[in-house]
There are 2 protein chains.
Amino acid sequence: MSPRQNLARPMESILEVATGLFSEAGYSGTTIRDIAKGVGVLPGSLYAHIETKEDLLLGIVEVGIDHFLEAAETIDRDATPSDRMRMLIRAHVEVVAENPQRTLVVFHQWRYLTGANRARILEKRARYEDIFRKIMQDGLTAGEFDSSLDPKIAVLSILGALNWTAEWYRPDGPKSAAVVSDQIATAVLSGVLTR
Amino acid sequence: MSPRQNLARPMESILEVATGLFSEAGYSGTTIRDIAKGVGVLPGSLYAHIETKEDLLLGIVEVGIDHFLEAAETIDRDATPSDRMRMLIRAHVEVVAENPQRTLVVFHQWRYLTGANRARILEKRARYEDIFRKIMQDGLTAGEFDSSLDPKIAVLSILGALNWTAEWYRPDGPKSAAVVSDQIATAVLSGVLTR
DNA sequence: CCTACCGATCGGTAGG
DNA sequence: CCTACCGATCGGTAGG
């Protein structure tokens, strides 16, 4: 990684470099010295901008999870449950596609947060997953979703498919986020069997 | 974690302790001293049994991925693609259920392997995923799977749902691996919409 | 943002 | 498996 002389916006540069390093080497595997080198300053100089290494992680994870929550809030509450689920899947994939590295940090590195930082992120994560659970319940109540499904496991399967996208989606790949999200939504909603 | 005096099988004890610590704190976040304390010996004593910290990780990850490969090989090659997919899903969930901590290490900590170690694990992982891709292709060819699906994305969605199980499945929870795997297989194969 | 540095801890080793 | 230790590196700080 070549150092960047982004002296105008030091904090932005720090967050960008840290996101890349945390996603590749993990929080514990990334040192303050690695980040400083990526930014193009000496290690001690970082502390003019950050308080601690953990605060840096918290900033990245919290901004990331907030993106998912905000995207979910744009969804039309009056649509049918299956349409809402489709829109939620699309919103999720678009957030992943916008910044897969940050998403990897959001879903894998939150474990290294401690105390109140960790609790706040877990609360937001639960809130996000509840949006899926609510739509699942509404779909079952409305008779749109298969009543033989276990709703908890169906939601966990959908979240699994979505969280996994951050591992393989490449913004410079052949498929747009819109196409990928439609294909995931179809696979999830209709299944793989021929109808 | 209380130290265990498993002096009869020191290597087994070391692997068990390391698996638990790597799954909770990550490879980089776990020190040789943490492992030694969990085993109940002094740090330097570990090196009577292991070569390096990375060899310890390699041992855990390779045994883990081998479990998935071996389970997949037991599947009846003469069954229909949809039956084979259902059996593969069940085999996967049973391996996860048998040892979720090891599975978390297999899917998240392999990144800390270097050089040839990393290459060998990635090769085995690709071989495992190819089993899913083969069944998907067979199902499309046989007309059992929906031809409007993107097969790559369908497989990635299934792998995502399955890989996610290690994050939430608890062997001491209310559902057996057989029940969970059937419910995941139903959700994946038939989708969530009412038929 | 740099110079210069702190005490703590890291993976690993020699010799027993 | 322990004693005793190595050089390297860690997150972070004081003073400029």
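In chain A of this predicted model, E62(A), D66(A), R120(A) and K124(A) are joined in a network of salt bridges, a salt bridge being a side-chain nitrogen of Lys or Arg within 4 Å of a carboxyl oxygen of Asp or Glu. Side chains of opposite charge can pair when their charged atoms come close. Over all chains, the structure holds 28 salt bridges. Residues are numbered from 1 along each chain as its sequence is written, while chains are lettered from A and ligands numbered from 1 in the order in which they are written. The model being predicted, local features need pLDDT of at least 70 and side-chain atom pairs count only at pLDDT 80 or more, whereas totals for chains, interfaces and linings use all residues; side-chain values use heavy atoms, with hydrogens and water left out.

One of the salt bridges connects R90(A) and D182(A), with an N to O distance of 3.1 Å. This pair links distant parts of the chain, R90(A) being in helix α4 (residues 81–98) of chain A and D182(A) in helix α8 of chain A, 92 residues apart. Helices are DSSP runs (H or I, at least four residues), numbered from the N terminus. R90(A) counts as partly exposed because its relative accessible area is 30%, and D182(A) is likewise partly exposed, at 31%. In this classification buried means under 20% relative accessible area, exposed over 50%, and partly exposed in between (1.4 Å probe, protein chains only).

S181(A) also lies in helix α8 of chain A. S181(A) counts as buried because its relative accessibility is 1%. Neighbours within four places in sequence aside, S181(A) is in contact (heavy atoms within 4.5 Å) with I89(A), R90(A) and V93(A).

A salt bridge is also found between E129(A) and R125(A), whose closest N and O atoms are 3.9 Å apart. Both residues lie in helix α6 of chain A, 4 residues apart, about one turn of the helix. E129(A) and R125(A) are both buried. In chain B, the side chains of R102(B) and E98(B) meet in a salt bridge at 3.5 Å, N to O; R102(B) is buried, with a relative accessible area of 11%.

D34(A) is located in helix α2 (residues 32–39) of chain A. With 35% relative accessibility, D34(A) counts as partly exposed. Residues up to four places away in sequence not counted, D34(A) touches L21(A) and G29(A). The C-alpha atoms of D34(A) and R84(A) are 43 Å apart in space, the two residues being 50 apart in sequence.

At the interface of the two protein chains, 42 residues of chain A are in contact with 41 residues of chain B. The chains bury about 3900 Å² between them, 60% of it on carbon and sulfur atoms; buried area is the accessible area (1.4 Å probe) that two parts lose on being put together, summed over both. The rule finds 4 salt bridges across this interface. R111(A) forms a salt bridge with E167(B), the closest N and O atoms being 2.8 Å apart.

On the side of chain A that touches chain B, at least two residues each come from α1 (10–25), α6 (115–141), α7 (151–168) and α8 (177–190). The most are given by α7(A), with 12 residues. By class, this side of chain A has 20 nonpolar, 14 polar and 8 charged residues, where Ala, Val, Leu, Ile, Met, Phe, Trp, Tyr, Cys and Pro count as nonpolar, Asp, Glu, Lys and Arg as charged, and the others, Gly among them, as polar.

DNA strand D is surrounded by 14 residues, the closest being T31(A), R33(A), Y47(A), S45(B) and H49(B); a residue is near a strand if one of its heavy atoms lies within 4 Å of it. Phosphate oxygens of DNA strand D lie 2.7 Å from a polar side-chain atom of S45(B) and 2.5 Å from one of H49(B). Around DNA strand C there are 15 residues, of which S45(A), H49(A), T31(B), R33(B) and Y47(B) come nearest.

Technical notes. A polar contact is a pair of N or O atoms within 3.5 Å; within protein, one must be able to donate a hydrogen and the other to accept it, and residues adjacent in sequence count only if both atoms are side-chain atoms.
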